[in-house]
Amino acid sequence: SILGRCWLLNPVGLGDFTVDDDRHTLGPVISALVNARKALARQQRDLVWYRVMHACKAHLLRGTGCDDDAEHVPREPSLDAWLKAMLFESGDVDEEATSSGLTPLRYAVLAGRLDLAKELLSRGAKTEVKLKKDLPNFEFLKGYTILHSAILIRDDVEMVRLLLSHGADPRATTAGGANALHFACQQGRTASIDALLAHDAALSTRRTNFGQLPATYTIQFGQLKAFEHLMRTQGKQMEEGILVPKYCDGTGYSLAASAVHTVGDVFTLKEVIERGCDLNVRGKVESGMLRTMYSVMDLVCILSKRASPVVEAFTYGSRCSALHSAAYYSNLGAVDALVTAGANVNSQVHYRKMTPLMLAALGGHQQCCLRLLESGADPQLKDKRGRTAAWWAVRRGQAELAAKIEARGPAGTNGNATTVV
C-alpha cells in the first residue's frame, strides 16, 4: 500500500460517501468489528493488537458520530484505570520502552488522550523512544518516534506541542532519514507543520537519505492543501527551494514526476504544472545506496522476463520524466495534463532511452498507448537496445496491442512484433 494510506491512519468515516447518512450507519458496524478483533487478540494473548484496538477505537470511529458515544467508546476516568484497561500491569510508565517501543505514552498519543499524555509525562515518561521493529499491520515502522506517531495518526497540534515541550526531538529520523516534518507533509497535517516550523525552522531544509526535502512530500503524497498552505506561509522558501524550474530531488525525480509516481494525484500535478516546473527533466540519483538498489533491480529485470511489480517499478518507472511515470502507471489524467501542458510525448529522458509509449506498452496499458499515439507518439523510436514499443508489447504477451501500435507506422527492423529475444 502507499505509505501513510493504511486503514489505521485513514478512518473510513472521514472518507467521501455518496449517501452521507451511510457513514453513521457504518459506525456501529466498525465498533463491533473493533470489539471482535480486540476479543480475539486477548484470547490469543496478542497484546499489541489488543492495545492498538483499545487505544484507537475512537479514532477508527471518527466521522461516524460514534467516536464520542460512551456506549461505543467508554472513557476511563484516570490514568491508572486506563493502564489497567490496556493491560499494563507493571506500573512502569516506560513499560515496553526497551523491548518494543510501544510504551503507554505512545498508546496515549495514538488514542488522542492529551490528559493521559500529560499525566504520563508528569510521572517521568520518556518522549524519545523509537519502535524496535516494523509492525506492518498498522504501518508502524522501525525507528518511528512517539512524535512521529502523533503526527501520523491525526493533526493534533496540542499533542505535538506537548511532546516538543517535553523534549521530543523533531529532527529524529527513521532509517531512511525522514523527520517529523516529512511525516507532517506526507499526511497533510497543516497545524503540525506550523508547530514544527515554529519550534525549529531549519527542519524544512533537512533531507532524507535519498535527498528529499519535507515540502516535496506534499507533492509526492498528493497533499494539495498542505502544499498550498506552505505556499501561503513559506512562499519565499518554496520559490527558492523546490519550485525552481529544473528542481529534482536526490532520487532523480522532478517535482512533476514526484506528483505522479507515488499517489498520482492529478490536481496536485496540475498545481505543479501551473507553477512552471520543467516537465521534461530528470535529475541525478545522489544516494549511493539508492544507486546500488537500482543496479540490482535493473539486473533482475534484464535476467527475467517479468520481475515482481515492485522491482519493475524501480527499474522502468524511475529515472525518467513525469510523462514516463504517468505512462508506466497508466495514469490517464496525468498523461492528459502533461501532454496538454507541453510535455514531450516522444521524450527519451529515461535511463534506458525508453519513450512513454514503450512504458505503456510494457504494462499492457492499451488506452494509454492509444492516448499517446493520438498525441503524436512515434512508434518507430527505439530504446538504447534497439527495441520499439511494439516489441515491448509482444514481450509481455500483448500481441493485439503490438498490432495496434504497428498499425500507426512501420516499427522498423528491430521492432518486428513477431520476434522477441
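**Before starting**

I am working with a predicted model, where local features need pLDDT of at least 70 and side-chain atom pairs count only at pLDDT 80 or more, while totals for chains, interfaces and linings use all residues. I number residues from 1 along each chain as its sequence is written, and side-chain values use heavy atoms, with hydrogens and water left out.

**Entry: aromatic rings**

I looked up ring pairs, and the search of the whole structure gave 11 aromatic pairs. For my own reference, rings of Phe, Tyr and Trp (its six-membered ring) pair if their centres lie within 6.5 Å; planes under 30 degrees apart are stacked, over 60 edge-to-face, and the rest tilted.

I turned to W7 and W49, which are stacked, at 6.0 Å centre to centre with 5 degrees between the planes. W7 is in the segment before α1 and W49 is in helix α2, so this pair ties together parts 42 residues apart in sequence. I take helices from DSSP runs (H or I, at least four residues), numbered from the N terminus. W7 is partly exposed at 37% relative accessible area, whereas W49 is buried at 14%. Here buried means under 20% relative accessible area, exposed over 50%, and partly exposed in between, with a 1.4 Å probe and protein chains only.

Next I checked W391 and W392: their ring centres are 5.0 Å apart and their planes stand at 85 degrees, so I noted the pair as edge-to-face. W391 is buried at 3% relative accessibility, and W392 is buried at 1%.

**Entry: charges over rings**

Which ring does the charged end of R37 sit over? I found it over W49, 4.0 Å from the ring centre. R51 lies over the face of F88, 3.8 Å from the centre of that ring. The test I used asks for NZ of Lys or CZ of Arg within 6 Å of the ring centre and within 35 degrees of the ring normal.

**Entry: cysteines**

I searched the whole structure for disulfides (pairs of cysteine sulfur atoms within 2.5 Å) and counted 0. C66 is in none, as the nearest cysteine sulfur, in C56, is 17 Å away. C66 is buried, at 6% relative accessibility. For C248, the closest cysteine sulfur is in C277 at 9.8 Å, too far for a bond. C248 is buried too, at 18% relative accessibility.

**Entry: the cavity**

On a 1 Å grid over the protein atoms alone, a cavity is a set of points where a 1.4 Å probe fits but cannot get out; a pocket is an open set with protein on both sides within 12 Å along at least five of seven lines, and lining residues have an atom within 4 Å of a point. I found 1 cavity of 30 Å³ or more. The largest cavity has a volume of about 40 Å³, and its lining includes L9, L110 and F140. Helix α6 (residues 146–153) gives the most to this lining, with 3 residues.

**Entry: the second largest pocket**

The second largest pocket has a volume of about 480 Å³. Of its 25 lining residues, I noted A58, D67, V73, P74 and R75 as the closest to its centre. Helix α2 supplies the largest share of this lining, 6 residues.

Methods:
Grid points are joined across faces, edges and corners, and a volume is the space filled by probe spheres set on the points. Helices (H or I, at least four residues) and strands (E, at least two) are DSSP runs, numbered from the N terminus.
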